[in-house]
Amino acid sequence: MSEGEKQIAVNRQARFEYELLERTEAGLALVGTEVKSLREGRCNLTDGFVEIRDGQAWLRDVQIMPYSHGNRMNHEPKRRRKLLLHKNEIRKLQAKIAERGLTCVPIRMYFRDGLAKVEIALARGKKAPDKREDIKRREADREAHRAMKNR
């Protein structure tokens with residue numbers, strides 16, 4: 001995280017479920033109550049994914065809770081949100097998704113200089129043995145850290 005960034009949400013589940021390959025930053029087209037809700041940190045990226053349709057990238061199934069002080073004009077929590085990417089970036093993502101059977105998932109959401117951004121990554125689904133290896137590696141690291149700490 002660099003200077004001028006305020007973290008909103010992180011998709012920790014994506015690191016467990018997928019092998020993350022290539023990362024990209026994208027802007028978001030939001031309505032006013034969504035921005036206010038994000039400033040309160042009320043966002044869930046867990047089930048989210050990126051869909052490319054008609055030459056445009058859309059963020060799907062990301063839940064931005066309704067703004068607490070919003071009125072009847074509040075936004076819908078799981079609506080499709082347009083990702084602001086250049087056409088060549090969208091074409092590149094679309095080609096890699098179609099060619100290699102990858103998916104595109106949101107990793108984290110943050111504000112940079114007052115603008116909402118989302119970091120997306122091309123990802124390949126992990127198999128169960130890969131997940132078990134990750135768990136073993138994490139536990140071994142934890143044990144080593146404890147041993148060094150107690151020394």
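The buried residues of helix α2 are covered by elements that include β1, β3 (43-44), β6 (63-64), β7 (81-84), β8 and β9. Helices (H or I, at least four residues) and strands (E, at least two) are DSSP runs, numbered from the N terminus, and contact means heavy atoms within 4.5 Å. The model is predicted: local features need pLDDT of at least 70, side-chain atom pairs count only at pLDDT 80 or more, and totals for chains, interfaces and linings use all residues. Residues are numbered from 1 along each chain as its sequence is written, and side-chain values use heavy atoms, with hydrogens and water left out.

Helix α2 spans residues 32-39, and its buried residues are Thr-33, Glu-34, Ser-37 and Leu-38. Their arc around the axis is only 140 degrees, so they lie on the same side of α2. The arc is that of the directions from the helix axis to the C-beta atoms. Buried means under 20% relative accessible area, exposed over 50%, and partly exposed in between (1.4 Å probe, protein chains only). Just after α2, Gly-41 has a positive phi of about 80 degrees.

The largest nonpolar core has 25 residues, and those touching the most other members are Leu-38, Cys-43, Leu-83, Leu-85, Met-109 and Ile-120. A nonpolar core is a set of buried Ala, Val, Leu, Ile, Met, Phe, Trp, Tyr and Cys residues joined through side-chain atoms within 4.5 Å. Strand β9 gives this core its largest share, four residues. Not counting residues up to four places away in sequence, Leu-83 touches Ala-26, Gly-27, Leu-28, Val-50, Ala-57, Trp-58, Leu-59, Val-118 and Ile-120. Apart from this core lies another, of five residues, including Val-105, Ile-107, Ala-121 and Ala-123.

Asp-54 is exposed, with a relative accessible area of 73%. Asp-61 is partly exposed, at a relative accessible area of 28%.
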